[in-house]
Structure formats: structure tokens, C-alpha cells
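Please open the structure in a viewer and keep the selection tool at hand.

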Amino acid sequence: MGRLRSSEVDPQCLRVLKENHTDILHIGDVRDLNTDIIASMGTVSFLCGGSPCNEVSRVNGGRRGLFDEEGDSNLFFHFVRILKQLQAAAVARESRFYFFFENTAHLDAVTLEAFTKYLVNRELGCKPIVRCAAHYSATKRKRLFWSNLPGFHDKELPMKNNRVLQDYIGPARKALVQVAKTFTTNRGGQRRSNGELQVEFEGQKEFLYAADQERLLGFPDGYTDKGGMSQTARSALLGRTWSVDVVMDLWTPLCEIFRGTG
């Protein structure tokens, strides 16, 4: 595999990336990546990303929608813009090019129809598949994924991981649920419908540690423990991530592709 590039602007995300992955070239705000900058990158074989979902998720009652210029979900259009340029370049040089795009499975009906029928089918050329992290670990995280990777839409689910939350938090604390709720940027989202938290220690209800969330999402322990970030800040970062286990499964074809046999 060649050079890895990242278009991330959040300072805390950048801190985590730079301390964990010294081989990544950081290229700045996606909105500033014009045609000349993209062309200067040379051959790009794989593009992946996911636009913010807050303004298009039905969980947000005050959502602005995909087309609102004041929101951030319209960053999707920058993904499409870059994708189209890279696809055209790949056609011109007769080389392979693959993409991978993610968004929440909790899109409202109107947005999902627009996103899929008028944007994704036309611009990305395929329909999404659904995967939930709960099939791979003991936390929910239901997401939609679009890709042109070989066999992507025919890929079967692996055998379900039957580990429960207790298996991820150690023996000292007690898990009060089998599977943790979906992590969001708001740590308070860990509360169940009755307002109770999901873990207790000696009878006292507690939030999950950031390290618990890391394990549940497939990251190494301490992955976000950088720059003295608080538990709340680390939890917020993890609320914006993908499940590593899900993505590793879906990206299996890349192993053969980048070995030159795919």
C-alpha cells in the first residue's frame, strides 16, 4: 500500500491520529482540497469517508437536513466531488479505483430516500448495506455503508460474536445490560431509557470508561489516551468513530487488491 492521507480538522482527532499513526500525511480541510491539490496527489486507489450525520439523523429533532448550507452534513457533497475527480483520473489512466462511504442507519425516511435514490445511486453507483457493531462485539452501532469493492454487496455476515458487555469491562464492575447502547458524542447517551447507567461498581452506577469503549469498538487500550484528554473528551471522540471490527470485515477484499491479486 502507498501513502495514506487524511483530511481531518478536529484538533483532538488530529492528536490521536498523529500519535498513533506517524505514517499518515495530513492534507487539511476537505473543503479546501481543490482540483489542483487532488491532481497533485498522483495515483489514488482508495477513498474512504463518512460525512457528519447529526443534521440528517432522525434522532436529532432539530436536524437541518442534507442540503442546509449552515449544517455540516453537506460535507457529503465534497466527498462526491473528490470521488468524481478520482474516478475520472482512474478511467483516464486505466487503473482500478475503489471507494467506501459510511453514514448512520438512523436517517429519516425523506433523507434516506434523497440520499440513496438521488445522490448515492446516481453519484456513487450502488445501494448501501447495513451492518451493526453488535454482531461483532457487545455494543450497538448500526450503520449504512456504500462501496464498489469486489463482492461487497454479496458479502455474508461472519459468525456472530456472542461476548457480552461483562466480558469487556473486567470482573470488578458489573454490567447491567448484555449489549451497550450506541456511543454518541454525548456521554449522557449511555443512559438507558429509565435514566440508569449500564455499569455499576459496588452498587454505584457508573459511565463506561473510554478504555471500555475502545475495546468494544475494536481499538487498542489507550488509543485515545493522548494529550491528557479527559474521559468525557475521549468518549466524545469515540462517539464519532467507526467500529474497527465492522470495517475490517468489510475491507477484507483490500488485502487481495493491494497484494496485486485482486
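Which backbone oxygen does the side chain of serine 147 reach? Select serine 147: its side chain reaches the backbone oxygen of phenylalanine 99 at 2.6 Å, a polar contact (a pair of N or O atoms within 3.5 Å; within protein, one must be able to donate a hydrogen and the other to accept it, and residues adjacent in sequence count only if both atoms are side-chain atoms).

This is a predicted model, in which local features need pLDDT of at least 70 and side-chain atom pairs count only at pLDDT 80 or more, whereas totals for chains, interfaces and linings use all residues. Residues are numbered from 1 along each chain as its sequence is written, and side-chain values use heavy atoms, with hydrogens and water left out.

**Serine 147**

Remain at serine 147, which lies in strand β6; helices (H or I, at least four residues) and strands (E, at least two) are DSSP runs, numbered from the N terminus. The side chain of serine 147 also reaches the backbone nitrogen of leucine 149, at 3.1 Å. Serine 147 counts as buried because its relative accessibility is 1%; buried means under 20% relative accessible area, exposed over 50%, and partly exposed in between (1.4 Å probe, protein chains only). Not counting residues up to four places away in sequence, serine 147 touches Phe99, Phe100, Cys126, Phe152 and His153, where contact means heavy atoms within 4.5 Å.

Next, display the open sheet of 4 strands, ordered β3-β4-β6-β5 with mixed pairing; two strands pair if DSSP finds at least two bridges between them. Its edge strands are β3 (46-49) and β5 (129-132), each pairing on one side only. From one strand to the next, the twist averages 25°. β3 pairs with β4 (residues 98-104) in the parallel sense over 4 bridges, and cysteine 48 stands opposite phenylalanine 100 in β4.

Now select α3, which lies across β3 and β4 and runs at about 175° to β3. Here axes are lines fitted to C-alpha atoms, for helices over the stretch in contact, and angles run from 0 to 180 degrees between N-to-C directions. Buried residues of α3 include Phe76, Phe79 and Val80. Just after α3, glutamate 94 takes a positive phi of about 55°.

Move to helix α6 (residues 210-217), which is largely enclosed by the rest of the structure because 7 of its 8 residues are buried. The buried residues of α6 pack against α5, α7 (231-238) and α8 (244-250). Glycine 218 follows α6 with a positive phi, near 90°.

**Leucine 165**

Finally, select leucine 165, in the loop between β6 (142-147) and α5 (166-169). Is leucine 165 buried or exposed? Leucine 165 is buried, with a relative accessible area of 0%. Beyond its neighbours within four places in sequence, its contacts include Ala138, Val177, Leu208 and Leu216. Leucine 165 and valine 177 are 12 residues apart in sequence and 7.0 Å apart in space, C-alpha to C-alpha.
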